[in-house]
Amino acid sequence: MLNLTQEERKVILFLVAIALVGVGGNFLVKQFSTARSLAFFNQDLAKINLNSADKKMLMGISGIGEKIAGRIITYRRERAGFSDVDELKAIKGITASKFAKIKEYLTVK
Amino acid sequence: MKFNLAELGFYFCGGIVFTHFIRIAFWPAYFLALTLLLACAFLARKDFIFKILFAGLIFILGGLLLKNTYILPPSHISRFIFYKNNSVYTARGFINSQPYSKDGRISFMFTTQELQFNDSNYKCSGDMLVQLKDTRVFSYGEALILRGSIHRPFKLYGKNVSAIMRVSMPGSAVKLAKNYGQPVRKIAFYLKNRIEGIIYRKLSPLAASILDAMVLGEKRGIPAQVYAAMVKSGTVHILVVSGFNVGIVVFMIMLLLKVLRFTRVLRYITAIPCLVIYCLATGASPPVVRATVMAIFFLTGFLFRREPDVRNSLTLSALFILWVNPRELFSISFQLSFVSVAAIIFLYPQLKAFFKAEAIKVRPLRFIAEGFLVSLSAWLGTCGFILYYFKIFSPVTVLANICIVPLATLITLSGFSLVAITLIFPALAGPFAWANELFVVLLLKTNNFFIHLPYACLYL
């Protein structure tokens with residue numbers, strides 16, 4: 001029946017004390033934090049900035065392959081950045097239907 | 001005197017069960033635990049009183065841990081799902097499991113970081129299951145932006161899934177050039193992919209699916225009829241990764257390191273991280289975690305020249321799993337895994353003494369008799385649980401296990417050999433693959449024979 005030496009008792013009690021502090025703290029954080037305090041405003045969560053995205057990030061969008069991503073980067077370098085998402089239409093390979101599909105994932109900042 | 005960890009485990013589990021069935025408030029229980037802790041500290045020298053107070057403290061600690069898991073933070077993903085809600089959600093986060101692909105559908109667990117719906121953005125936490133229609137390859141740790149519908153799961157998906165996101169529109173998944181994966185898990189999943197690739201390349205789909213389950217614990221490829229037949233004969237436990245597999249991994253690592261002339265201490269130290277990687281690669285399900293913790297306990301025991309205690313190691317592994325997630329105590333997988341091992345530890349020596357198995361002089365006969373008694377003890381331990389959960393009673397289980405377990409052992413061994421040979425000398429893998437095919441066919445035929453015996457299994 002729980003044959004513990006004095007040293008073992010001290011060690012286990014110390015561990016239990018730490019665990020209790022941890023559980024209590026975690027419960028407090030979960031119970032008394034509010035969603036409002038955690039919420040923050042950022043309208044462009046799902047959008048990638050055309051002026052800062054690298055090639056790999058652009059390729060993450062379905063419809064943009066390596067070639068088009070390369071052309072976007074070249075266009076950005078030549079024109080010193082995009083001023084509007086609509087400028088993408090000027091890039092070779094981005095048709096009207098493709099533009100309609102990808103524009104909702106892109107933004108210009 | 002030896003420290004009995006099993007008793008601690010008993011009180012801890014008692015607290016979890018009590019809190020599961022009886023509603024208790026967190027803070028009164030918490031202050032009671034603090035009082036007991038102080039009392040234990042002051043009365044540490046009074047043996048009898050300390051034992052009672054300490055048992056109470058561990059009992060309440062188990063309950064508090066479970067109670068804590070019931071409370072979800074306000075930013076948890078499940079707090080943003082509303083009844084009859086048709087909003088389109090956009091979630092940013094990363095893949096937290098190995099993606100599984102079948103028929104153009106990919107599913108994985110997704111850790112959320114930000115959520116956007118109804119023109120507002122929220123910081124978000126918690127995991128959800130994602131079902132995605134996409135042709136691209138996704139990998140663990142990859143950061144994504146997903147757009148789709150989120151709903152609460154049906155009971156079918158288990159208690160660990162609090163939300164399901166369906167992403168069905170083309171182009172609704174954006175890959176971000178970031179990876180949040182943990183390096184150890186990345187290695188584990190890479191190895192898993194390599195091994196799965198070898199298994200499916202070298203074997204027919206049926207044999208590969210069975211070997212995949214036995215070597216890597218991946219059951220999703222097994223045809224439903226085969227799985228149902230194994231349930232009927234009570235031999236479905238061979239289709240999961242268990243202590244035996246962990247034992248094989250330890251043996252193979254030790255052998256390899258011995259060939260490489262590593263010292264004994266270095267062999268033990270190297271084996272431990274390898275076991276952790278294997279555990280992660282197989283999905284860290286309760287049976288694997290149990291076996292891994294027990295194996296680490298044993299290896300550490302050897303390392304420090306201490307005699308490992310099987311009961312203490314079993315309790316330690318249970319406490320480890322329950323500490324991480326106390327709800328596991330109510331999962332079938334946890335219960336069956338621990339009850340079967342506990343039954344073998346406690347019941348088998350009693351049965352062996354009762355039937356006087358030691359008295360059998362012919363060694364092969366004694367081996368068979370002992371195998372029968374091991375199988376009988378595991379069956380006696382688990383039959384109540386199987387009856388309760390699956391409503392099935394299989395008298396043929398003990399007999400079937402005596403024939404099927406050695407075959408399964410052979411398949412697991414030859415499976416590991418196939419993987420090892422393919423990695424070292426791919427040209428020599430042919431005979432191993434043929435042997436695997438043969439053993440799998442034998443396994444299925446034997447299982448079929450047993451389930452067609454009269455009164456092999458009864459549905460309640």
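## Chain A and its domains

Chain A splits into domain 1 (6-38) and domain 2 (48-107), with bounds that come from an automatic or database domain assignment. The C-alpha centres of domain 1 of chain A and domain 2 of chain A sit 49 Å apart. A quick word on what you're looking at: this is a predicted model, where local features need pLDDT of at least 70, side-chain atom pairs count only at pLDDT 80 or more, and totals for chains, interfaces and linings use all residues. Residues are numbered from 1 along each chain as its sequence is written, while chains are lettered from A and ligands numbered from 1 in the order in which they are written.

Chain A has 5 helices and 2 strands, and from the N terminus on they run α-α-β-α-α-α-β. Helices here (H or I, at least four residues) and strands (E, at least two) are DSSP runs, numbered from the N terminus. Of the 109 residues in chain A, 17% are buried. The cut-offs go by other C-beta atoms within 10 Å of a residue's own, placed from the backbone: 20 or more is buried, 12 or fewer is exposed, and in between is partly exposed.

## Where A meets B

How many residues of chain A are in contact with chain B? There are 38 of them, touching 42 residues of chain B; a contact needs C-beta atoms, placed from the backbone, within 7 Å. On the side of chain A that touches chain B, the elements giving two or more residues are α1 (6-32), α2 (35-38) and α3 (55-59) of chain A. α1(A) gives the most, with 14 residues.

That side of chain A divides into 21 nonpolar, 11 polar and 6 charged residues. For this tally, Ala, Val, Leu, Ile, Met, Phe, Trp, Tyr, Cys and Pro count as nonpolar, Asp, Glu, Lys and Arg as charged, and the others, Gly among them, as polar.

## Chain B as a whole

Chain B holds 14 helices and 10 strands, and 38% of its 460 residues count as buried. Its C-alpha trace spans about 80 × 70 × 55 Å along the principal axes. A compact globule of 460 residues would have a radius of gyration near 23 Å, and chain B, at 24 Å, agrees with that. The radius is taken over C-alpha atoms, and the globule rule is 2.2 Å times the number of residues to the power 0.38.

Take the contacts in chain B between residues at least 6 apart in sequence: 70% of them join residues at least 24 apart.

## A helix with a kink

Helix α13 (residues 397-424) of chain B has 28 residues, so at 1.5 Å a residue the span should be 40 Å. The end C-alpha atoms of α13(B) are 39 Å apart, which agrees. Even so, α13(B) has a kink of about 30 degrees at C403(B), shortly before the proline P406(B). The bend at a residue is the angle between axes fitted to the seven residues ending there and the seven starting there.

## Two loop residues with positive phi

Most residues other than glycine have a negative phi. A80(A) has a positive one, near 55 degrees. A80(A) lies in the loop between α4 (66-78) and α5 (96-102) of chain A, and counts as exposed because 8 C-beta neighbours fall inside 10 Å.

In chain B, R261(B) has a positive phi near 60 degrees. R261(B) lies in the loop between α7 (243-259) and α8 (264-281) of chain B and is exposed, with 7 other C-beta atoms within 10 Å.

Terms used:
Contact = placed C-beta atoms within 7 Å. Expected span 1.5 Å × (residues − 1).
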